[in-house]
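Here are some exercises to work through, each with a solution that goes step by step. Have a go at each one before you read on.

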Amino acid sequence: MSSAAVRRRERRISPVFLAVLAVMAAAGWGVWTDFAALPGVAVFLFVTSAWIVSLCLHEYAHARTALHSGDVTVGAKGYLTLNPFAYTHAVLSVVLPVLFVIMGGIGLPGGAVFIEQGRIKGRWRHSLVSAAGPLANVLFAVVCTAPFWLGALDGVPAAFRYALAFLAFLQVTAALLNLLPVPGLDGYGIVEPWLSYELKRKIAPYAPYGFFAVIVLLFVPVLNGAFFDAVDALLRSLDVGALDRACGSALFRFWEGTPPGCPL
């Protein structure tokens, strides 16, 4: 097989990703048209599949940036196919974030693609590879919130508006959490190339625990309140109201019933 054919195969979009995309489109159509007998189920499927799509795009952004920065091995690892099962930690990348959305309604940062750092030259390139993933979440949030800040919600079904608001909330929380300069998160990957060798050596033993430390700290009331106040302020600046987001979250958890304050 020629090298060109190999490269095409390495970059061919995965059927798994296309299947998730199809579920997102079908569920979104069901929410938009009110065709679904149970709108909460349609919202659940739409938000969950869209969240998985965003996780795939997050990891793809890392891999694609790494490819253009010098790591030519990402293609052979399947990272350019958008296949969520090709990631280094499929459970951390997809399963755990989806479970957190279901249980806690928060956009948890996913796992990671394995980048061969030695192939990437220059601190700016290293930082850009780390920043690419959160930037994908930011762009996804921009798309979700665009109907709100553009004033284009006239005639949009309430359930679809709620779903977009909740999906935007997930993207914003994922981006903000991932940009924290904590070992194990992309924020640390952005600043790490600029730290001294001695400081990086001292931090290295704690790096595997940084991700879990952030999750634990979110249970501290003061820190939890400060974080979600920042999220709410950012969403309000994008004209996404707290009621829309809360109703989207309530519809997503269809098994709990839709509260009376969320008209459909």
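**Exercise 1.** In which loop does Ala112 lie? Then work out how far it is from Val43.

*Solution.* Before we start, a word on what you're looking at: this is a predicted model, where local features need pLDDT of at least 70, side-chain atom pairs count only at pLDDT 80 or more, and totals for chains, interfaces and linings use all residues. Residues are numbered from 1 along each chain as its sequence is written, and side-chain values use heavy atoms, with hydrogens and water left out.

Step 1: Ala112 is in the loop between α4 and α5. Helix names like these come from DSSP runs (H or I, at least four residues, for helices; E, at least two, for strands), numbered from the N terminus.

Step 2: check its cover. Ala112 has a relative accessibility of 37%, so it counts as partly exposed. The cut-offs are under 20% relative accessible area for buried and over 50% for exposed, with partly exposed in between (1.4 Å probe, protein chains only).

Step 3: go from C-alpha to C-alpha. Ala112 and Val43 are 69 residues apart along the chain, and their C-alpha atoms are separated by 28 Å.

**Exercise 2.** Find out where confidence is lowest and where it is highest.

*Solution.* Step 1: take the overall value. The mean pLDDT (the predictor's confidence in each residue, from 0 to 100) is 87 for the protein, and 92% of the residues reach 70 or more.

Step 1: go helix by helix. Helix α1, residues 3-10, has the lowest confidence, with a mean of 59, while α5 has the highest, at 95.

Step 2: keep a caution in mind.

**Exercise 3.** Which members of the largest nonpolar core touch the most other members?

*Solution.* Step 1: know what to look for. A nonpolar core is a set of buried Ala, Val, Leu, Ile, Met, Phe, Trp, Tyr and Cys residues joined through side-chain atoms within 4.5 Å.

Step 1: The largest core has 65 residues, and Val47, Val74 and Leu170 touch the most other members. Among the elements that give two or more residues to this core are α2 (15-33), α3 (39-69) and α4 (90-104). Helix α6 gives the largest share, 15 residues.

Step 2: zoom in on Leu170. Leaving out residues up to four places away in sequence, Leu170 touches Val47, Trp51, Val101, Gly105, Ile106 and Gly107 (contact means heavy atoms within 4.5 Å).

**Exercise 4.** Is Leu135 buried, exposed or partly exposed? Say which patch it belongs to.

*Solution.* Step 1: Leu135 lies in helix α5. Its relative accessibility is 47%, so Leu135 counts as partly exposed.

Step 1: Leu135, Val138, Val142, Trp149 and Leu150 make a nonpolar surface patch of about 450 Å². Patches use residues with over 30% relative accessible area and no salt bridge, joining like charges within 9 Å and nonpolar side chains (Val, Leu, Ile, Met, Phe, Trp, Tyr) within 5 Å. The accessible areas come from the Shrake-Rupley method with a 1.4 Å probe, and for residues only the protein chains shown count as cover.

**Exercise 5.** How many salt bridges does a search of the whole structure find? Describe some of them.

*Solution.* Step 1: the search finds five (a side-chain nitrogen of Lys or Arg within 4 Å of a carboxyl oxygen of Asp or Glu).

Step 1: Glu116 and Lys77 meet through their side chains at 3.4 Å, N to O. Glu116 is in the loop between α4 and α5 and Lys77 in the loop between α3 and α4, 39 residues apart.

Step 2: Arg245 and Asp232 form another, at 2.6 Å, N to O. Arg245 belongs to helix α11 and Asp232 to helix α10, so the pair ties together parts 13 residues apart in sequence. Salt bridges with shared partners also join Lys77, Glu116 and Arg119 into one network.

Step 3: look at the cover of Arg245. Its relative accessibility is 18%, so Arg245 counts as buried. Eight of the eleven residues of α11 are buried, so that helix is largely enclosed by the rest of the structure.
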